[in-house]
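Keep the sequence and the 3D view side by side.

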Amino acid sequence: MGKKLPPEELEFYKVIDEILWCDWDPIGVNDMPEARDEYQSYLPHIFRLAVEGKDAEHISSSLVATIEGNIGLGASKEHCLRVARKIVGAKNEIIG
């Protein structure tokens, strides 16, 4: 990331990483330990959106755009919204 995060932001960063891996997993690789870093390139952007206070709909749109534009698959908007709500909930719980 380039700078050291305060402890609560670092915790939130790690939680987003887990959410993207466990819950979002658009290509279905979270049962393959060797692919654990598959979504980490998307993590800084999603983290920044959440820390800036973007709502679940905004974060969901970014997740959908990532699946469709970067990964090249069709995206479930409903699934991405559920994941985004989980991210926002974690942010509210950890950072406030």
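Where does Asp25 lie? Asp25 sits in the loop between α1 and α2. Helices here are DSSP runs of H or I with at least four residues, strands are runs of E with at least two, and both are numbered from the N terminus. The model is predicted, so local features need pLDDT of at least 70 and side-chain atom pairs count only at pLDDT 80 or more, while totals for chains, interfaces and linings use all residues. Residues are numbered from 1 along each chain as its sequence is written, and side-chain values use heavy atoms, with hydrogens and water left out.

Stay with Asp25. Its phi is positive, about 35 degrees, although Asp25 is not a glycine. Most residues other than glycine have a negative phi. Asp25 counts as buried because its relative accessible area is 13%. Buried means under 20% relative accessible area, exposed means over 50%, and partly exposed lies in between (1.4 Å probe, protein chains only).

Leu20 touches Asp25, Tyr39, Leu43, Leu63 and Ile87, leaving out residues up to four places away in sequence. Contact here means heavy atoms within 4.5 Å.

Now the core itself. A nonpolar core is a set of buried Ala, Val, Leu, Ile, Met, Phe, Trp, Tyr and Cys residues joined through side-chain atoms within 4.5 Å. The largest one has 30 residues, and those touching the most other members are Phe12, Ile16, Leu20, Trp24, Ile59, Leu63 and Ile87. Two or more residues come from each of α1 (7-24), α2 (43-51), α3 (56-71) and α4 (77-94). The most come from α4, which gives eight residues. In soluble globular proteins, nonpolar side chains tend to be buried together.

Look along α4. This helix has 18 residues and reaches 25 Å from its first C-alpha to its last, close to the expected 26 Å. The expected span is 1.5 Å times one less than the number of residues. Among the buried residues of α4 are Cys80, Val83, Ala84, Ile87 and Ile94. Their cover includes α1, α2 and α3. Just after α4, Gly96 takes a positive phi of about 105 degrees.

Helix α3 holds Ser62. Ser62 counts as buried because its relative accessibility is 12%. Beyond its neighbours within four places in sequence, Ser62 contacts His45, Ile46 and Leu49.

Last, the aromatic rings. The whole structure has five aromatic pairs. Rings of Phe, Tyr and Trp (its six-membered ring) pair if their centres lie within 6.5 Å; planes under 30 degrees apart are stacked, over 60 edge-to-face, and the rest tilted. Phe12 and Phe47 have ring centres 5.9 Å apart and planes at 45 degrees, so this pair is tilted. Phe12 is in helix α1 and Phe47 in helix α2, 35 residues apart. Phe12 is buried at 0% relative accessible area, and Phe47 at 4%. Phe47 also pairs with Tyr13: the centres are 5.2 Å apart and the planes at 75 degrees, so this pair is edge-to-face. Tyr13 is buried too, at 16%. Elsewhere, Trp21, Trp24, Tyr39 and Tyr42 form one aromatic cluster.
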